[in-house]
Amino acid sequence: MGTILIIILTIALLQSEVQSKVDGNWTDWSTWSACAITCGNTTQTRSRACTNPPAADNGTDCEGTSDDYQPCLREPCPVDGNWTDWSSWSACSVTRGSATKTRIRTCISPPPAHKGTECEGASEDYKSCVHKPCRGWGPWSEWSSCSSTSGVGIQHRKGLGILGPASQV
Ligand SMILES: *[C@@H]1O[C@H](CO)[C@@H](O)[C@H](O)[C@H]1NC(C)=O
Ligand SMILES: *[C@@H]1O[C@H](CO)[C@@H](O)[C@H](O)[C@H]1NC(C)=O
Ligand SMILES: *[C@@H]1O[C@H](CO)[C@@H](O)[C@H](O)[C@H]1NC(C)=O
Ligand SMILES: *[C@@H]1O[C@H](CO)[C@@H](O)[C@H](O)[C@H]1NC(C)=O
């Protein structure tokens, strides 16, 4: 009788242990976080917790991750155009009847993209300059116009005493 009672009590105890064991279970996923951008890409997240119910009395923990991610893709953001720095000034040269130096810039730093704005202002800049005369002996006539409109050109002047007045040169 005593042995049977002990066996029954042992079985009852084991059953109560088995029954008290609680496996963890996930809550439902939360809603996705907002995709709070108007352009470009970001990530949305959602989460859940192992509290539905939580694991207890040596029950198994929830499997898997508590966080989930998904990409949120929008139109690419506009990129406004931007000028490069100005180039250095060109050599002084005669264009359109006056001596000028030129410098340039381009709208590629970066170029406009995805409906971004164009660069504002001019891509070329001029300033007048003094065309340096060649060295020589005086007295001289007026300088002729330069033979070249860019790079290196040649200007003439003549000795007034030999060739006559400047008006004839
Ligand atoms: C786990 O939780 C989900 C969501 O609340 C529920 O649908 C499911 O029945 C639960 N499972 C168990 C074993 O508790
Ligand atoms: C946004 O995602 C798209 C598609 O995956 C990709 O082609 C693009 O390069 C991404 N843009 C940025 C700014 O990360
Ligand atoms: C959990 O398991 C350990 C080791 O198997 C045991 O010692 C402990 O009594 C158990 N706890 C419960 C509450 O079942
Ligand atoms: C515009 O370009 C200049 C010259 O390259 C650079 O220094 C500057 O950082 C750029 N600005 C922007 C907003 O890209």
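## Disulfide inventory

The structure holds five disulfides, a disulfide being a pair of cysteine sulfur atoms within 2.5 Å. This is a predicted model, in which local features need pLDDT of at least 70 and side-chain atom pairs count only at pLDDT 80 or more, whereas totals for chains, interfaces and linings use all residues. Residues are numbered from 1 along each chain as its sequence is written, chains are lettered from A and ligands numbered from 1 in the order in which they are written, and side-chain values use heavy atoms, with hydrogens and water left out.

When the bonded cysteines of the protein chain are numbered in sequence order, the pairing reads 1-5, 2-6, 3-4, 7-10, 8-9.

## Cys 35 and Cys 72

Cys 35 is joined to Cys 72 with an S to S distance of 1.5 Å. The torsion about this S-S bond is about -65°, so the disulfide is left-handed. The pair links distant parts of the chain, 37 residues apart: Cys 35 is in the loop between helix H1 (2-20) and strand E1 (41-47), and Cys 72 is in strand E2 (residues 67-73). Helices (H or I, at least four residues) and strands (E, at least two) are DSSP runs numbered from the N terminus.

Cys 35 is buried at a relative accessible area of 14%, and Cys 72 is buried at 5%; buried means under 20% relative accessible area, exposed over 50%, and partly exposed in between (1.4 Å probe, protein chains only).

## Two right-handed links

The disulfide of Cys 92 and Cys 129 has an S to S distance of 1.9 Å. With 95° about the S-S bond, this link is right-handed. Cys 92 lies in the loop between E2 and strand E3 (93-95) and Cys 129 in the loop between strand E5 (124-128) and helix H2 (160-163), so parts 37 residues apart in sequence are tied together. Cys 92 is buried at 15% relative accessibility, and Cys 129 is buried at 16%.

In the disulfide of Cys 107 and Cys 119, the sulfur atoms are 2.0 Å apart. The torsion about the S-S bond is about 80°, so this disulfide is right-handed. Both Cys 107 and Cys 119 are buried.

The residues around ligand 1, with a heavy atom within 4 Å of the molecule, are Asn 25, Trp 26, Asp 28 and Asn 52. By class, this shell has one nonpolar, two polar and one charged residues.

An oxygen atom of ligand 1 is 2.3 Å from an N or O atom in the side chain of Asn 25, and for the side chain of Asn 52 the corresponding distance is 2.9 Å.

Terms used: Polar contact = N/O pair within 3.5 Å; in protein donor to acceptor, adjacent residues only side chain to side chain. Nonpolar A, V, L, I, M, F, W, Y, C, P; charged D, E, K, R; others polar.
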